[in-house]
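Student: I have a structure open and would like to learn how to read it. Could you walk me through it, one feature at a time?

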Amino acid sequence: MIAAHVVERRLGERVRENARRRDALTRLHEHAIEAFARIPHDAAVRPDLDMVWPVLHRNGWIARLAGTTDGAAVIDQAAAVIAALPTAGERLDRRRLAEAVTRYPHALDTGPLPGLVLAILAAAGVIPTGQSPRTAWAAVGVDCDDLTGGLLALGIHPAGWSLPPGTVVTLPPRELARCAWPAPPGRDTWVFVTENPSVVTAAADQVAAADPPFGCCAPGNAVSARNRCHQPAHRHRLADRRPC
């Protein structure tokens, strides 16, 4: 009798918990319908919730939002961000977009809000799945920080620039997106490309006193790496006009 009573009580608790979960999901769905309905008809992107919601459900987003106390607020902000996306041909800095919607310029850097926005855009077919956040935002006209990081360059720099021989310079994404590269002096001129900043450091130390006959490029931040690395860099002919 006691065992049967305990089993019956546990089954009842499970039924009630499942009912509460269904109610929470229903309320969240109804809230999302209202939030997406507020996106203007002339907005750059207006996702079809009937198509997006099942995808978000399969990806675990709905359960994740339903399990938090601010799930509805995140949906509201996600809809507001999508409504504020720039129109075709326009560009908008991600920090300005975040500030306009949430009053916090870094709200779209990391966390549930930017993840949900990109998940909605992918589910709607606006952007491909599996892209990096920077690439995904760029596909809808939103630019991430374009001043930090970039490319270390030695002996090669954009056309029109003038630098002392042997100078290492960091070209941020902002400049890389708009610069033009000089024509190669000949087909036997090479550019060396490496992923290791230490290679650039070693090359700079060797050619600091002369104008080097080659360029050496490394992606990433301008990090001073003093440890010598003798790993060879990849070579590309400048005449191939392949960007470093």
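Student: What share of the 244 residues of the protein counts as buried?

Tutor: Before the number, a word on the source: this is a predicted model, where local features need pLDDT of at least 70, side-chain atom pairs count only at pLDDT 80 or more, and totals for chains, interfaces and linings use all residues. Residues are numbered from 1 along each chain as its sequence is written, and side-chain values use heavy atoms, with hydrogens and water left out. Now the idea: buried means under 20% relative accessible area, exposed means over 50%, and partly exposed lies in between (1.4 Å probe, protein chains only). By that rule, 34% of the 244 residues are buried.

Student: How many helices and strands does the protein have?

Tutor: Helices (H or I, at least four residues) and strands (E, at least two) are DSSP runs, numbered from the N terminus. Here they come to 9 helices and 7 strands.

Student: Which residues of helix 4 are buried?

Tutor: They are G71, V74, I75, A78, A79, V81 and I82. Looking down the axis of helix 4, you find these buried residues within an arc of 160 degrees, so they line one face of the helix. The arc is that of the directions from the helix axis to the C-beta atoms.

Student: Which residues touch the most other members of the largest nonpolar core?

Tutor: In soluble globular proteins, nonpolar side chains tend to be buried together. A nonpolar core is a set of buried Ala, Val, Leu, Ile, Met, Phe, Trp, Tyr and Cys residues joined through side-chain atoms within 4.5 Å. The largest one has 41 residues, and L85, L116, L121 and W137 touch the most other members. Among the elements giving two or more residues to this core are helix 1 (2-37), helix 4 and helix 7 (133-139). Helix 6 gives the most, with 8 residues.

Student: How many of the 12 residues of helix 6 are buried?

Tutor: Helix 6 is mostly covered, with 9 of its 12 residues buried. Those residues include L113, L116, I120 and L121. Leaving aside neighbours within four places in sequence, L116 is in contact with L56, W61, L65, V74, I75 and A78. After helix 6 comes G125, whose phi is positive, near 80 degrees.

Student: Where is R103 found, and is R103 buried or exposed?

Tutor: R103 sits in the loop between helix 5 and helix 6. Its relative accessibility is 65%, so R103 counts as exposed. Its phi is near 70 degrees, a positive value in a residue other than glycine.

Student: Now the strands. In which sense do strand 3 and strand 4 pair?

Tutor: Two strands pair if DSSP finds at least two bridges between them. Strand 3 (residues 151-154) and strand 4 pair in the antiparallel sense over 4 bridges. Within strand 4, T170 is the bridge partner of L152, and L171 is the bridge partner of L151.

Student: Which residues form the covered face of strand 4?

Tutor: V169 and L171 make up the covered face of strand 4 (residues 168-171), while V168 and T170 make up the uncovered one. In strand 3, both faces are covered: L151 and A153 are buried on one side, L152 and L154 on the other.

Note on methods:
Contact = heavy atoms within 4.5 Å.
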